[in-house]
Amino acid sequence: MSQAVQLLRDLIALPSVNAAFLPPGDPHAGEAKVADYLAKRAAKTRLDVERQPVAPGSDNLIVRLSPLGQARHRIVLAPHLDTVGGDDPKIYRPTKKGNKLHGRGACDTKGSVAAMFRAIENVAGRKKRPSETEIVFVGLMDEECNQTGSRAFAKLRMKADLALVGEPTRCKVVTAHKGDLWLRLIATGKAAHGARPELGRNAIHSLAQCIVAIETDYAALLRKRRHPLLGHATINTGTIRGGAQPNIVPDHCEADLDRRTLPGETFANIRRELLGVLARRGLKAKLIDVKGFTCPALETDPGLPWVRDFMRVGRQKKPIGVDYYCDAANLAAAGIPTVVWGPGDIAQAHTADEWIALEQLERGTGMLTRFLLSLP
Ligand SMILES: [Zn+2]
């Protein structure tokens, strides 16, 4: 078994479910065990280890490999250490079946952790390593819920030529991803006795009409605007709440919407456009942003020299875009040119039987090691 596979087995065997998904004190919760394991291993390889405290018991782990000479460049390798949960405890036991390794985090995103950490270990072991480029591995906490790890890391304002954010992209370089807004649409009416509905104004009925307009007129409008790598923006009605009992005309109804955004879209311009679509049907509602933090889209110039070089190492001709949100936009917002990259397929992420093809893990480790060794 290769060292990358062995490392991934060890990481899967240390459950690190995002604490937000489990009751307090659950033994599977938190990134600390994985961070401690990697810190110990890094110290053995004589890599510099730092912690950035983010939440109680949950740090970003920062591991540095300094260049042979004076540092003039920097590359950041940034996979997240947390995973989603799972009902079956078997998922926390790494199991090799044929040419696949099964277990929670196998592809999202302990596979990236293993490939990136093995790559930095590989380079650290070479006499001929980069002379001017510092390599920084950052194990980020809390990607699966609020991305507080990458937001905190962004605040360090570390300068870098390139950051690779680990997600299962089948070792393809992803230069764009969609952003995400959670919107609450609120309709208000006038309460009345259920036997005299004509005396009230039914908020459920108003909101239902708004949702029809959003799912038809507004969705059609979104489909008209296409980004070359991301396609069109989308909207989904995820929840609805309203009314107290059958014999009262409801005076309040609200729905939560998930709006996936393209680069450049903001809450202010989305709000204007969406309420405009409702107004054209004579409808009125209130729209608020409920997330409390921004999740912008990612759009990195694929022509940047290190992005081009990395794609060349992977024999990739064109950059790609993905629909899902991840830590990359937060690093990009801090001024670091950022791409998403990692072994494994997003199709297996968050599934009851998560796995990674071992060929992907080996390919990713090799591709990244070669790229790091090619840096100045
Ligand atoms: Zn992930």
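**The four-stranded sheet**

Four strands make an open sheet in the order E11-E13-E9-E14, and their pairing is antiparallel. Two strands count as paired if DSSP finds at least two bridges between them. Strands here are DSSP runs of E with at least two residues, helices are runs of H or I with at least four, and both are numbered from the N terminus. The edge strands are E11 and strand E14 (286-289), and each of them pairs on one side only. On average, neighbouring strands of this sheet are turned by 25 degrees against each other, direction ignored. For such angles, axes are lines fitted to C-alpha atoms, for helices over the stretch in contact, and the values run from 0 to 180 degrees between N-to-C directions.

A word on the source: this is a predicted model, where local features need pLDDT of at least 70, side-chain atom pairs count only at pLDDT 80 or more, and totals for chains, interfaces and linings use all residues. Residues are numbered from 1 along each chain as its sequence is written.

Now go through the sheet pair by pair. Strand E11 (residues 234-242) is joined to E13 by eight bridges, and the two run antiparallel. Thr239 stands opposite Asp256 in E13. Next, strand E13 (residues 252-261) pairs with strand E9 (residues 179-188) over 10 bridges, in the antiparallel sense. Here Trp182 faces Asp258 of E13 as its opposite residue. Arg184 stands opposite Ile288 in E14.

Two helices go with this sheet. Helix H5 (residues 203-224) lies across E9, E11 and E13 and runs at about 175 degrees to E11. Helix H6 (residues 267-280) also packs on the sheet, where it touches E9, E13 and E14. The direction of H6 makes about 160 degrees with that of E14. Contact means that the C-beta atoms of two residues, placed from the backbone, lie within 7 Å.

The domain assignment gives domain 1 (3-177 + 297-374) and domain 2 (179-289). These bounds come from an automatic or database domain assignment. The C-alpha centres of the two domains lie 37 Å apart. At their meeting place, 10 residues of domain 1 are in contact with eight residues of domain 2. On the domain 1 side, the elements giving two or more residues are strand E8 (174-177) and strand E16 (320-322). The residues of that side divide into six nonpolar, two polar and two charged. In this count, Ala, Val, Leu, Ile, Met, Phe, Trp, Tyr, Cys and Pro are nonpolar, Asp, Glu, Lys and Arg are charged, and the others, Gly among them, are polar.

The largest nonpolar core has 96 residues, and Leu77 and Ile120 touch the most other members. At least three of its residues come from each of domain 1 and domain 2. Such a core is a set of buried Ala, Val, Leu, Ile, Met, Phe, Trp, Tyr and Cys residues joined through C-beta atoms within 7 Å. A residue is buried if 20 or more other C-beta atoms lie within 10 Å of its own, exposed if 12 or fewer, and partly exposed in between, with C-beta atoms placed from the backbone. Leaving aside neighbours within four places in sequence, Ile120 is in contact with Leu47, Val63, Leu65, Leu77, Ile135 and Phe137.

For comparison, look at another sheet. Three strands form an open sheet in the order E4-E5-E18, with antiparallel pairing. E4 and strand E5 (residues 100-102) pair over three bridges. Within this pair, Thr95 has His102 of E5 as its bridge partner. Helix H9 (residues 358-374) packs on this sheet and touches E5 and E18.

Finally, step back to the whole chain. The secondary structure comes to nine helices and 18 strands. The C-alpha atoms fill a box of roughly 85 × 45 × 40 Å, taken along the principal axes. Of the 376 residues, 44% count as buried. Among contacts between residues at least 6 apart in sequence, 78% join residues at least 24 apart.
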